[in-house]
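Please keep the sequence and the 3D view at hand while going through the points.

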Amino acid sequence: MNQINKGLAILACALTLGLIGCATTSGTPNIESSMEKMGEHIGAAMKSTNMNDFAMHAKAFRENVDHAGQNTYPGTTSEQTMYREGIAKLAQGLNAVDAQIVAGDLDAAKNALKALLPVRNQYHAVLKK
Ligand code: HEM
């Protein structure tokens, strides 16, 4: 192998390793880590004493709901459908939360967010194994 070929071989290896690295470290977070963040932000939102803080955590909660929704549930086809349904219910419920944020009513916004807890409980009971 001459010097140029050796160089090309090293470059190909580096590129391959780089691609593998990217595939494992970037992209959509998995369901578990999205859920963990959802838990943190819903808790922080409920503890907020002003609308700014509440709105910030509600936004972060929604972003993580969106991330969770970009994953495919690792289960049967009907479980996958159920999972998408549950995520869609959260997204829908968050529209009611946003409406109260716009209205500037912190108590009503908290109540709308709290209304998502039964959705969590319902879906965790069947999908969280
Ligand atoms: C208010 C809404 C919700 C909150 C705050 C929430 C929070 C959480 C938390 C804290 C975990 C544990 C994560 C960990 O192991 O560290 C979890 C797990 C999980 N949640 Fe949720 N969740 C919510 C709604 C939902 C809904 C609607 C679904 C289904 C559509 C769902 C499906 C799951 C699944 C499948 C797991 C297990 C993930 C795994 O360990 O791989 N969650 N959730």
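**Note on helix 4 and its surroundings**

1. Helix 4 packs against helix 5 at an angle of about 175 degrees, and their axes are 8 Å apart. Axes are lines fitted to C-alpha atoms, for helices over the stretch in contact, and angles run from 0 to 180 degrees between N-to-C directions. Helix 4 is therefore roughly antiparallel to helix 5, a term used for angles over 145 degrees.

2. On the side of helix 4, this contact involves Gly93, Ala96, Val97, Gln100, Ile101 and Ala103; helix 5 contributes Ala108, Ala109, Ala112 and Leu113. Two residues are in contact if their C-beta atoms, placed from the backbone, lie within 7 Å. By class, 8 of the residues in the contact of helix 4 with helix 5 are nonpolar, 2 are polar and none is charged. Ala, Val, Leu, Ile, Met, Phe, Trp, Tyr, Cys and Pro count as nonpolar, Asp, Glu, Lys and Arg as charged, and the others, Gly among them, as polar.

3. The model is predicted: local features need pLDDT of at least 70, side-chain atom pairs count only at pLDDT 80 or more, and totals for chains, interfaces and linings use all residues. Residues are numbered from 1 along each chain as its sequence is written.

4. The protein chain has 6 helices and 0 strands. Helices (H or I, at least four residues) and strands (E, at least two) are DSSP runs, numbered from the N terminus. Of its 129 residues, 19% count as buried, that is, with 20 or more other C-beta atoms within 10 Å of their own C-beta atom, placed from the backbone.

5. After helix 4 comes Gly104, with a positive phi near 75 degrees.

6. Tyr83, Gly86, Ile87, Leu90, Leu94, Val97 and Gln100 are buried in helix 4. Their cover includes helix 3 (51-69), helix 5 (106-114) and helix 6 (117-127).

7. The ligand is surrounded by 19 residues, of which Met35, Gly39, Gly86, Arg120 and Tyr123 are the closest; a residue is near if its C-beta atom, placed from the backbone, lies within 6 Å. Helix 2 (31-47), helix 4 and helix 6 each give two or more residues to this shell, and helix 2 supplies the largest share, 7 residues. The shell comprises 12 nonpolar, 3 polar and 4 charged residues.

Conventions. A residue is buried if 20 or more other C-beta atoms lie within 10 Å of its own, exposed if 12 or fewer, and partly exposed in between; C-beta atoms are placed from the backbone. Angles under 35 degrees count as roughly parallel, over 145 as roughly antiparallel, 65 to 115 as roughly perpendicular and the rest as oblique.
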